[in-house]
Amino acid sequence: RTSVPKGQGVLGEETRVSSPHSLFWTAISEHRSLFRADIENDELEFAEDSSLIKARVRSVGVIPLLAGEMVLGVLVLKYRQEGGWDEESQGFLEQFASQLAICLKNAGLYSQVLLAKHQWEKTFDAVTDLLLCLDNDLQVIQFNRAVPRFFGLEPEALFGRKCYALFFDASSPCARCPAKEAMQTARRAYMQYRLPRGATIDVFAYPVVTGENKPEGAILYAKDVTHLVNSFKLVALGEMAAGVAHELNSPLTAIVGDAQLLLRDLPRDTPGYELLYDIRNCGNRCRETIRSLLAFSRQEEYTFALTQLNEVVERALNLLVYQIEKNQITVTKELAPDLPLIWGNATRLEQIVVNLLLNSRDALEGKNGQKRITLTTSRLGTGEVALTVEDTGRGIPAEIMPFIFNPFFTTKKPGKGTGLGLSVSLGIAQAHGGRLEVTSKVGEGSRFTLILPVASTAKKEIAADGEG
């Protein structure tokens, strides 16, 4: 490329710099300077001469810019009067050209380093897991964008922090520190930690060594595996729940069956009648808990058929309407007519409605003012139907909202609930190709919405879920 002052170009369209007859190419290819005091009258002849003369250039000097054996370009000096190039001038210009070549080479190297730095930073920040660079004292000297997001801190607050202070708010290193182990052994080290905030992370430490194989720090790669660990726990919990449920089913069947046989032949005024009645009722309650455990572990068989959601709501409400209204709670139904059929198990769907109604009743317990539960069914434009159970109860605090569908999570007093109702309901909804959504505001109430596909699409969704 050539760079000349505007309006003073010396290369015509017919001139080719790479031509063997080019003045510039001769200087480049032969690694030598060319100083011409009078272009029109000297014995030399080059392709650029006509363009130079046309531009009224009489004297020219061309010096190759050499960096070792590499030619980075040429330095061209033009004069509009003829003149001599004495040895002192030539020596100065060649030294100047040599320094200019070094500057150009360094600028090129700096550009390459800068480009490599930007590419490295982009790659570093593209990683969504945590990457931290530590020095020998376990101080954070570099990190990717995921780190401040994970800890909820400004980037400026991370530099110089000790890794153990950042992760655990501790004043001394961990008992088994993977970063220190990696620096001592010059090999990768691994540990899994549970952070005070509740997250579980896998931490891999990689040693950073000098050319003399001396440790000068470590790279930490940390991955949040909280959901994965919880999934494994839930699988194990589901298997255990299924085993316990199956073991308890047989003796409970005998207990409830024997109690029913005895009650059938026992007069009501017999002293032991109330005891047997309680045994049968408690046995039935235990059987319902076992059904919930089996539903939670997904080991209970579902039989699907065409089902009318409004009928499911009516049956569930008939079971509970007395005890709900006994608590001075007003129940309102707004059931859409001509609701399309769904493909599902009526008994299991009824269980969802019962669970939602019981939760609403409990949320209204002890509340002053108007106490109301509203059940609404509707057809959605997405090929789905919806059931909404809304109450005017206490509402759900935002801090516990993420956990309400977790198995065994409950805010109720001991003996009031197992914490399985919502988790089982969610499992049943998903088994039907549907979902369970919730919105709530503290002090104003909660709204749970069961959304299910209509019969024309439900079979496909349930089949696809089964294959998965």
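**Close-up 1. Residue H31 and the helix α1 that precedes it in the predicted model.** Helix α1 gives way to H31, a residue with a positive phi near 55°.

**Close-up 2. The largest nonpolar core and residue I373.** This core has 37 residues, and those with the most contacts inside it are L357, I373 and L375. Two or more residues each come from the helices α9 (309-325), α10 (346-364) and α11 (421-431), and likewise from the strands β12 (372-380), β13 (384-391) and β15 (445-453). When residues up to four places away in sequence are not counted, I373 touches, among others, I324, I329, V331, L357, L364 and V389, and its partners also include T330, T332, S360, R361, E390 and D391.

**Close-up 3. The packing of helices α10 and α11.** The axes of α10 and α11 come within 9 Å and cross at roughly 145°, and the crossing is left-handed. On the α10 side, the residues that take part are R348, L349, Q351, I352, N355, L356 and N359, and they meet G421, L422, V424, S425, I428 and A429 of α11. Residues three or four places apart in an α-helix point the same way, because there are 3.6 residues a turn.

**Close-up 4. Residue T303 in the loop between α8 and β9.** The loop that holds T303 lies between α8 (273-296) and β9 (305-307). T303 counts as exposed because its relative accessible area is 60%, where exposed means over 50%. Leaving aside neighbours within four places in sequence, T303 is in contact with G344 and N345. The C-alpha atoms of T303 and T347 are separated by 9.4 Å, although the two residues are 44 residues apart along the chain.

**Close-up 5. Residues 12-16, a stretch where pLDDT stays under 50.** For the protein, the mean pLDDT is 82, and 85% of the residues reach 70 or more. Over residues 12-16, by contrast, pLDDT stays under 50, and the model has seven contacts for this stretch beyond four places in sequence. Where pLDDT is low, the predicted coordinates should not be read in detail.

How values were computed. Residues are numbered from 1 along each chain as its sequence is written. This is a predicted model: local features need pLDDT of at least 70, side-chain atom pairs count only at pLDDT 80 or more; totals for chains, interfaces and linings use all residues. Side-chain values use heavy atoms; hydrogens and water are left out. Helices (H or I, at least four residues) and strands (E, at least two) are DSSP runs, numbered from the N terminus. A nonpolar core is a set of buried Ala, Val, Leu, Ile, Met, Phe, Trp, Tyr and Cys residues joined through side-chain atoms within 4.5 Å. Buried means under 20% relative accessible area, exposed over 50%, partly exposed in between (1.4 Å probe, protein chains only). Contact means heavy atoms within 4.5 Å. pLDDT is the predictor's confidence in each residue, from 0 to 100. Axes are lines fitted to C-alpha atoms, for helices over the stretch in contact, and angles run from 0 to 180 degrees between N-to-C directions. A crossing is left-handed if the near helix is turned anticlockwise from the far one by less than a right angle, and right-handed if clockwise.
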